[in-house]
Amino acid sequence: DTLEMCTRENEFKSILFALCYFHAVVAERRKFGPQGWNRSYPFNTGDLTISVNVPYDDLRYLFGEIMYGGHITDDWDRRLCKTYLEEFIKPEMLEGEFFLAPGFPLPGNMDYNGYHQYIDDALPPESPYLYGLHPNAEIGFLTQSSEKLFRVVLEMQPRDSSMGEGGVVTREETVKALLDEMLEKLTDEFNIAELMAKVEERTPYVVVAFQECERMNILTSEIKSSLKELDLGLKGELTMTSDMENLLNSLFLDMVPESWVKKAYPSTASLGMWFADLLTRIKELETWTGDFSLPSSVWLAGFFNPQSFLTAIMQSTARKNEWPLDKMTLQCDVTKKNREDFASPPREGAYIHGLFMEGARWDAQTGIITDARLKELTPAMPVIFIKAIPADKQDIRGVYPCPVYKTRQRGPTYVWTFNLKTRENPCKWVLAGVALLLQV
């Protein structure tokens with residue numbers, strides 16, 4: 001019935017087919033996790049049915065902002081939805097061969113059965129290409145699914161592990177060894193009063209350093225006190241509480257304990273990797289607060305609050321040049337070098353390192369975004385030079401506004417947007433879910 005409801009048959013059927021394809025893509029893209037959509041949305045057939053009864057001129061706005069956009073709460077997901085519609089519904093669709101996906105042209109005027117037959121015959125096999133994603137997206141999604149499965153299996157294992165020869169290492173002994181090692185490696189907390197006495201001028205960077213030290217003190221004191229308490233519990237000097245029991249289980253299963261997570265930064269790492277990362281963060285802070293001079297290259301992922309450091313770059317430049325802060329923006333130039341190649345910080349702004357790209361890769365030779373290599377899921381970026389410029393001076397031609405996230409969970413871990421140079425149409429990178437990550 002729907003197929004026959006419009007007098008401008010050719011146009012209507014082409015748009016309807018493209019809209020059905022759009023619906024299939026946005027609904028099925030959810031399976032790729034955060035690289036698909038930052039958040040999960042309940043797109044349903046009702047959205048498709050209502051969208052069909054809309055006049056042509058207002059189509060894209062209504063589909064993108066109201067019918068489907070009504071579900072969407074994340075700005076980057078809104079951009080993705082809008083980009084799909086710009087790609088699928090445009091005047092060229094009525095002028096000849098028009099592809100909805102590689103190898104899948106929009107069919108001409110057919111009847112209901114004809115369309116079904118066409119889809120059966122012509123739709124390429126299911127793959128990330130149908131969504132505009134790189135094949136790596138599937139590898140990433142399958143890897144994460146298997147990790148989840150193994151994690152559940154591990155949690156169901158008996159708690160004591162046998163060592164052969166009749167010897168059994170109890171859960172308590174395993175945890176005790178780990179607990180001792182952690183307490184030994186954790187350094188003393190930062191003495192904020194002493195550090196403040198060393199500082200002559202509270203520059204925006206110094207303020208960030210203090211904030212970071214304070215946050216780190218809160219986290220490390222929680223780790224130490226909870227470990228010491230558990231230690232006493234294991235020795236029988238304190239009664240085991242449910243909190244201590246939870247901590248014991250987390251340590252045994254190589255998971256970051258909940259009470260630590262609450263005071264820490266977002267991370268998807270297992271406990272061993274998380275703790276090693278924590279020690280590196282402490283070391284970076286110790287080096288920086290040694291004399292409070294900006295490191296030659298800053299490890300952006302090492303901050304609890306990377307935004308505050310990026311804002312400090314703008315504040316420093318604003319003070320120096322007497323520019324209004326609200327009229328400024330950050331310019332991001334990707335260098336061809338690694339952190340070891342820098343002996344001192346730039347005169348203005350900062351060099352940052354330790355970022356990764358997901359969904360594509362950076363070609364250092366040509367200085368542009370390019371297609372990812374198969375099985376290279378998150379290639380490292382070279383050092384990036386960040387400096388503040390007046391907003392009206394920024395050149396936004398030939399760039400892809402790339403979101404930067406703290407972890408692969410994306411969504412609420414958003415940090416900033418870096419404009420990266422591209423020769424290809426930026427919409428390609430939007431559909432591929434290209435983002436920069438501070439940790440992988």
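Rings of Phe, Tyr and Trp (its six-membered ring) count as a pair if their centres lie within 6.5 Å; planes under 30 degrees apart are stacked, over 60 edge-to-face, and the rest tilted. By that rule, the structure holds 26 aromatic pairs.

Before you click around: this is a predicted model, where local features need pLDDT of at least 70 and side-chain atom pairs count only at pLDDT 80 or more, while totals for chains, interfaces and linings use all residues. Numbering runs from 1 along each chain as its sequence is written, and side-chain values use heavy atoms, leaving out hydrogens and water.

**Stop 1: an aromatic pair.** Select Phe 32 and Phe 141. Their ring centres sit 6.0 Å apart with planes at 65 degrees, so this pair is edge-to-face. Phe 32 belongs to the loop between α1 (9-28) and α2 (45-51), and Phe 141 to helix α6 (residues 136-155), 109 residues apart. (Helices are DSSP runs of H or I, at least four residues, numbered from the N terminus.) Buried or exposed, what is Phe 32? Phe 32 is buried, at 4% relative accessible area, while Phe 141 is partly exposed at 22%. Here buried means under 20%, exposed over 50% and partly exposed in between, with a 1.4 Å probe and protein chains only.

**Stop 2: an aromatic cluster.** Now show Phe 17, Tyr 21, Tyr 84, Phe 88, Phe 104, Tyr 115 and Tyr 118, which form one cluster.

**Stop 3: the core.** Next pick Leu 219, Trp 260, Trp 274, Leu 278, Phe 309, Phe 418 and Leu 420: of the 116 residues in the largest nonpolar core, these touch the most other members. Such a core is a set of buried Ala, Val, Leu, Ile, Met, Phe, Trp, Tyr and Cys residues joined through side-chain atoms within 4.5 Å. Helix α9 (residues 204-234) supplies the largest share, eleven residues. Zoom in on Trp 274: leaving aside residues up to four places away in sequence, its contacts (heavy atoms within 4.5 Å) include Leu 219, Ile 223, Val 256 and Trp 260.

**Stop 4: two crossing helices.** Colour α7 (residues 171-185) and α10 (residues 242-252); their axes, lines fitted to C-alpha atoms over the stretch in contact, come within 9 Å and cross at roughly 85 degrees. That makes α7 roughly perpendicular to α10 (the label covers 65 to 115 degrees). On the α7 side, look for Arg 171, Glu 172, Thr 174, Val 175, Leu 178 and Met 182, which meet Glu 245, Leu 248, Asn 249, Leu 251 and Phe 252 in α10.

**Last stop: Ser 250.** Stay in α10 and select Ser 250, buried at 13% relative accessibility. Not counting residues up to four places away in sequence, Ser 250 touches Met 255, Pro 257 and Leu 271.

Key: Axes fitted to C-alpha atoms, helices over the stretch in contact; angles between N-to-C directions. Helix = DSSP H or I, 4+ residues; strand = E, 2+ residues; numbered from the N terminus. Parallel < 35°, antiparallel > 145°, perpendicular 65-115°, else oblique.
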